[in-house]
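I opened my notebook to look up a few things in this structure.

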Amino acid sequence: MKPVVPFISAASPDERQLWRSALPEALADIAVVKPFDELSQAERQQATVAIVANPDPSEVAALPGLVWVQSLWAGVERLTAELPDDGPAIVRLTDPQMADTMSEAVLAWTLYLHRDMPRYIQQQREKVWLGHELRTPEERTIGVLGIGKLGAASAARLKDNGFNVLGWSRNPKELQGISCFHGEDGLFAVLNRSDIVVVLMPLTQETTGRLGPAELRACKKDAALINFARGPILQSEALLDALDHGPLSHAVLDVFDEEPLPEDHPFWTHDKVTVLPHISAPTITSTAVRIVADNIGGYFETGTVPQSVDRQRGY
Ligand code: NAP
């Protein structure tokens, strides 16, 4: 008999429905995927692995034999905060397609800033016919904060498109063609030199509020910022101040402290802010289910739990 794998999700009804049909199909040869509310008492007791998407922690706790959970998202800050330290191992989604999608978004919005689009949008509103000096990609330095799966792919794509690219990580790192920095001094070295700063680090205790007044003041005059990671990494008040009084010229924000962004939030109407509704790299169901099936299939075959999140460092 095939093992039962619970699916625990408090995602939106549409999203839940999508996964509820895609997961059983992708795992059909390996396991029976069942939504939490359809599990029998025995199935709850026997489950050793569950698939989760924004799960209610009490439902995870109701499966006493869980060894690990497979998240359907790349960011796991809610899971690390809500599941007990001695709870199941947390495996996040690492999908090469997501790295492609994110690097495409980083390139697209970097080009938007590089080609001065916010300025030309404003000029059109004011019926102003005026061209500005064009710089080449080689004359533009892009600093990528967080050069893991998504950041490294984005840095490489920017480099391939001719930009001068710097990277910053927690530990020393080497990436071909990218000047890599780490640590406190490294952060300021990247901020001092970058025309566009791209934020792609995970939300952890260390990175919460990591970009505040001192960091934003250290940016180059007229630098722009792209936050595709998580809202709370960037202090909103400090960002507004850096946009209103310098040095920043524009911010492209895909992630916020509260999502959806509240209607009365100043970001919505700020001339120097582009608001995106958390769309830079959504999980793509068709590729994600194959990765989930491989991870869970491998586990049932060999007993190996895929690489899990380091609970101490939070990512
Ligand atoms: P990852 O592979 O774990 O890479 C994280 C990178 O951040 C690593 O380079 C890491 O440094 C660095 N980092 C972590 N803590 C740091 C610190 N305190 N100081 C400096 N650098 C630090 O993560 P990923 O898969 O690239 O994903 C990054 C984040 O993107 C996710 O956590 C998620 O929040 C976000 N995301 C957003 C969307 C969206 O649609 N907006 C979609 C997917 C993911 P080391 O290399 O030294 O470990």
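**Entry 1: the cavity.** I needed a definition before I could start. A cavity is a set of grid points where a 1.4 Å probe fits but cannot get out. Its volume is the space filled by probe spheres set on the points. I also noted that the model is predicted.

How many cavities of 30 Å³ or more does the structure hold? I found one. I then looked up the space in the largest cavity, and the value is about 50 Å³.

Next I asked which residues line the largest cavity. I wrote down Asn227, Gly231, Leu234, Ser236 and Leu239.

Entry 2: I moved on to the second largest pocket. I read a volume of about 830 Å³ for the second largest pocket. Its lining has 33 residues, and the closest to the centre are Asp116, Pro118, Arg119, Ser249 and His250.

Which elements give two or more residues to this lining? I listed two helices, H5 and H6 (117-125). I also listed the strands E10 (223-227), E11 (248-253) and E12 (273-275). H6 gives the most, with seven residues.

I sorted the lining of the second largest pocket as well. I got eleven nonpolar, nine polar and 13 charged residues.

**Entry 3: H5 with H6.** Both helices were already on my pocket list, so I checked how they pack. The axes of H5 and H6 come within 6 Å. They cross at roughly 55 degrees.

Which residues meet here? From H5 I noted Leu111, Tyr112 and Leu113. From H6 I noted Met117, Pro118 and Ile121. The contact of H5 with H6 has six nonpolar residues, no polar ones and no charged ones.

**Entry 4: H5 with H7.** I stayed with H5 (residues 96-114) and turned to H7 (residues 149-160). These helices pack at an angle of about 50 degrees, and their axes are 8 Å apart. That angle makes H5 oblique to H7. I recorded the crossing of H5 and H7 as right-handed.

I looked up the residues in contact. H5 brings Met98, Ala99, Asp100, Met102, Ser103, Glu104, Val106, Leu107 and Thr110. H7 brings Lys149, Leu150, Ala153, Ser154, Arg157 and Leu158. By class, the contact of H5 with H7 has eight nonpolar, three polar and four charged residues.

**Entry 5: H1 with H11.** I checked one more pair. H1 covers residues 13-26 and H11 covers residues 285-302. Their axes are 9 Å apart, and the packing angle is about 45 degrees. H1 and H11 are therefore oblique to each other. H1 passes H11 in a right-handed crossing.

On the H1 side I wrote down Leu18, Trp19, Ala22, Leu23 and Ala26. They meet Thr285, Ala288, Val289, Val292 and Ala293 in H11. The contact of H1 with H11 counts nine nonpolar residues, one polar residue and no charged residues.

**Entry 6: backbone spots.** I kept a general point in mind. Most residues other than glycine have a negative phi, and most peptide bonds are trans.

Where are the cis peptide bonds that I noted? One joins Gly246 and Pro247, with omega about 10 degrees. Pro247 is in the loop between helix H10 (236-245) and E11. Another cis bond runs from Glu259 to Pro260, with omega near -5 degrees. Pro260 sits in the loop between E11 and E12.

Last, I looked at Asn54. Asn54 is not a glycine, yet it has a positive phi of about 45 degrees. I located Asn54 in the loop between strand E3 (49-53) and helix H3 (57-61).

Key
Residues are numbered from 1 along each chain as its sequence is written. This is a predicted model: local features need pLDDT of at least 70, side-chain atom pairs count only at pLDDT 80 or more; totals for chains, interfaces and linings use all residues. Side-chain values use heavy atoms; hydrogens and water are left out. Axes are lines fitted to C-alpha atoms, for helices over the stretch in contact, and angles run from 0 to 180 degrees between N-to-C directions. Helices (H or I, at least four residues) and strands (E, at least two) are DSSP runs, numbered from the N terminus. Angles under 35 degrees count as roughly parallel, over 145 as roughly antiparallel, 65 to 115 as roughly perpendicular and the rest as oblique. A crossing is left-handed if the near helix is turned anticlockwise from the far one by less than a right angle, and right-handed if clockwise. Contact means heavy atoms within 4.5 Å. Ala, Val, Leu, Ile, Met, Phe, Trp, Tyr, Cys and Pro count as nonpolar, Asp, Glu, Lys and Arg as charged, and the others, Gly among them, as polar. On a 1 Å grid over the protein atoms alone, a cavity is a set of points where a 1.4 Å probe fits but cannot get out, and a pocket is an open set with protein on both sides within 12 Å along at least five of seven lines; lining residues have an atom within 4 Å of a point.
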